[in-house]
Amino acid sequence: MATSRLPPATLTLKQFLRRQQVLQLYRRILQAIRQVPNDSDRRYLKDWAREEFKRNKSVTEEDAIRMMITQGNMQLKELEKTLALARS
């Protein structure tokens, strides 16, 4: 029986791409949070985002990850809309 040369912790291509999506979403959320004018609100949102991503770090089910990415993108859009309204 042939054994794989890859270490057991190696990600599949699909897992790697999904991980990149999650990291990109996290970065975009943090960039949006930097635009929040109030210091305490900015700190609260940054802590909230960090905790949400940490809490879901161990999720491995593909459907659950896709759903969380979709929810995260929706929350990011809402934050961006709110910031745009605050600037105008």
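Which residues make a nonpolar surface patch of about 400 Å²? Leu11, Leu13, Phe16 and Leu17 do.

## Basis of the model

This is a predicted model, in which local features need pLDDT of at least 70, side-chain atom pairs count only at pLDDT 80 or more, and totals for chains, interfaces and linings use all residues. Residues are numbered from 1 along each chain as its sequence is written, and side-chain values use heavy atoms, with hydrogens and water left out.

## Nonpolar patch

Patch members have over 30% relative accessible area and no salt bridge; nonpolar side chains (Val, Leu, Ile, Met, Phe, Trp, Tyr) are joined within 5 Å, like charges within 9 Å. Areas come from the Shrake-Rupley method with a 1.4 Å probe, and for residues only the protein chains shown count as cover.

Phenylalanine 16, one of the patch residues, sits in helix α1, residues 13-33. Helices are DSSP runs of H or I with at least four residues, strands are E runs of at least two, and numbering starts at the N terminus. Phenylalanine 16 counts as partly exposed because its relative accessibility is 41%. The classes are buried (under 20% relative accessible area), exposed (over 50%) and partly exposed (in between), with a 1.4 Å probe and protein chains only.

## Largest pocket

The largest pocket has a volume of about 1000 Å³. Its lining comprises 32 residues, and Val22, Phe53, Asn56, Lys57 and Ile65 are the closest to the pocket centre. Helices α1, α2 (39-55) and α3 (62-87) are the elements that each give two or more residues to this lining. By class, the lining holds 17 nonpolar, 7 polar and 8 charged residues.

The pocket search uses a 1 Å grid over the protein atoms alone. A pocket is an open set of points with protein on both sides within 12 Å along at least five of seven lines; a cavity is a set where a 1.4 Å probe fits but cannot get out. Lining residues have an atom within 4 Å of a point. Points are joined across faces, edges and corners, and the volume is the space filled by probe spheres set on them. Nonpolar covers Ala, Val, Leu, Ile, Met, Phe, Trp, Tyr, Cys and Pro; charged covers Asp, Glu, Lys and Arg; the others, Gly among them, are polar.

## Salt bridges

A salt bridge needs a side-chain nitrogen of Lys or Arg within 4 Å of a carboxyl oxygen of Asp or Glu. By this rule the count is 7.

Helix α2 holds the pair arginine 42 and aspartate 39, 3 residues apart, about one turn of the helix. Their closest N and O atoms are 2.1 Å apart. Arginine 42 is partly exposed at 24% relative accessibility, and aspartate 39 is partly exposed at 44%. Glutamate 52 and arginine 55 also form a salt bridge, with closest N and O atoms 2.7 Å apart. These two are separated by about one helical turn because they are 3 residues apart in helix α2. Glutamate 52 is partly exposed at 26%, whereas arginine 55 is exposed at 55%.

In helix α3, aspartate 63 and arginine 66 are 3 residues apart, so about one helical turn separates them. Their side chains meet in a salt bridge at 2.5 Å, N to O. Aspartate 63 is partly exposed at 48%, and arginine 66 is partly exposed at 37%. A network of salt bridges links Arg18, Glu62, Asp63 and Arg66.

## Sequence and space

Valine 36 lies in the loop between α1 and α2. It is buried because its relative accessibility is 7%. Valine 36 and leucine 83 are 47 residues apart along the chain, with 6.9 Å between their C-alpha atoms.

Leucine 45 belongs to helix α2 and is partly exposed at 21% relative accessibility. Its C-alpha atom is 9.5 Å from that of arginine 34, 11 residues apart along the chain. Lysine 46 is also in helix α2 and is partly exposed at 39%. From lysine 46 to leucine 23 the C-alpha separation is 15 Å, across 23 residues in sequence.
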